Amino acid sequence: MATVSGGTTSERFGFIHRFGKKLGVRYLCDWLNVSPSGYYAWRLRGLSNRVYDDIKLSQLVHREYEKSRGTYGSPRVFEALKRLGIRTSRKRVERLMREAGLRARAIKHYRNSAALHRYFMSIPNRRLELPKPKHINQHWVADLTYLRVGKTWRYLATVMDLYSRRIIGWSLSNRKNAELTITALKMAIRKRDIKPGIIFHTDRGAEFRSYNVQDVLSEYGIISSMNRPYHSIDNAEMESFYKTLKGDLIRGKKYTNEGELRKDLKGYINHFYNTQRLHSSLGYRSPMEYEAMAA
């Protein structure tokens, strides 16, 4: 807004033209220190090409922002427009979003500062020895998080293919146990035509160290890998997904029953995150689009 108030008279009139119906022409004229008569005279002379283009582009920016459920900032909106063949600059998109008050939803991320328990060291971090995956079904990562329903917690376990960042398995339960992890893992196994040798990386939580989980991994020839003690960043991709999920979907919502939460998770994972959400690490492509390129 400060940029607009310090702009040229034509730029200020253009801003009033775009937002006058919503905020009021007289209010905006007073705030931008221009006269209503001057604005109406400017409008009668006809919109400049630049202002007219800004109006059209602003409509497209709003559309892509709404399609992302309010989760895209200017870099992703710019990339989404570029994919549609719309030629513009990132700075122009940033300006239009700033003028319209469009900001990406985000959530503050807090680290758990409590002392970590010393877990046994029998399973090493095998990812440290390997390059980044070049195909699907080479490295899978998994974790779980807490989501509130009413006054209680639900636990979400997810499995991600690290190559494409696609969520290939997930499970929601009111119990944090090995069965929660196994359900998500078996969903991933059903969805993929897998061969022995996949690295399955997790933290050292009891849900992943249990004999039941390790038995399922052994049955399918999947190799267990775990964070180094005191190195939560070893599984940063899953932590990043949960931060994104909570910022995109959960923040500001209050769930009163598990069915409502489950429905929203299914829609978000299957119909937005995997298929539409642009990832900067994937060259601003969605996980499924990135996988299709390699097929």
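The model is a predicted one, in which local features need pLDDT of at least 70 and side-chain atom pairs count only at pLDDT 80 or more, while totals for chains, interfaces and linings use all residues. Residues are numbered from 1 along each chain as its sequence is written, and side-chain values use heavy atoms, with hydrogens and water left out.

**The chain**

The chain has 13 helices and five strands, taken as DSSP runs numbered from the N terminus (helices: H or I, at least four residues; strands: E, at least two). Of its 295 residues, 46% count as buried, where buried means under 20% relative accessible area, exposed means over 50%, and partly exposed lies in between (1.4 Å probe, protein chains only). The accessible surface comes to about 16600 Å², and carbon and sulfur atoms hold 50% of that area; accessible areas come from the Shrake-Rupley method with a 1.4 Å probe, and for residues only the protein chains shown count as cover. Among contacts (heavy atoms within 4.5 Å) between residues at least 6 apart in sequence, 64% join residues at least 24 apart.

Tyr242 sits in helix α11, which spans residues 236-250. Why does Tyr242 count as buried? Its relative accessibility is 6%, and therefore Tyr242 is placed in the buried class. Apart from neighbours within four places in sequence, Tyr242 touches Asp143, Leu144, Thr145, Leu156, Ala157 and Thr158. A polar atom of the Tyr242 side chain lies 3.4 Å from the backbone nitrogen of Leu144. The C-alpha atom of Tyr242 is also 9.6 Å from that of Tyr146, although the two residues are 96 apart along the chain.

**Aromatic rings**

A pair of aromatic rings is described by the distance of the centres and the angle of the planes. Rings of Phe, Tyr and Trp (its six-membered ring) pair if their centres lie within 6.5 Å, with planes under 30 degrees apart counted as stacked, over 60 as edge-to-face and the rest as tilted. The structure holds eight such pairs. One of them joins Tyr146 and Trp153 in an edge-to-face arrangement, with 6.1 Å from centre to centre and 80 degrees between the planes. Ring pairs also link Tyr242 with Phe241, Tyr268, Phe272 and Tyr273 into a cluster.

| Residue | Relative accessible area | Class |
|---|---|---|
| Tyr242 | 6% | buried |
| Tyr146 | 37% | partly exposed |
| Trp153 | 38% | partly exposed |

How values were computed:
Polar contact = N/O pair within 3.5 Å; in protein donor to acceptor, adjacent residues only side chain to side chain.
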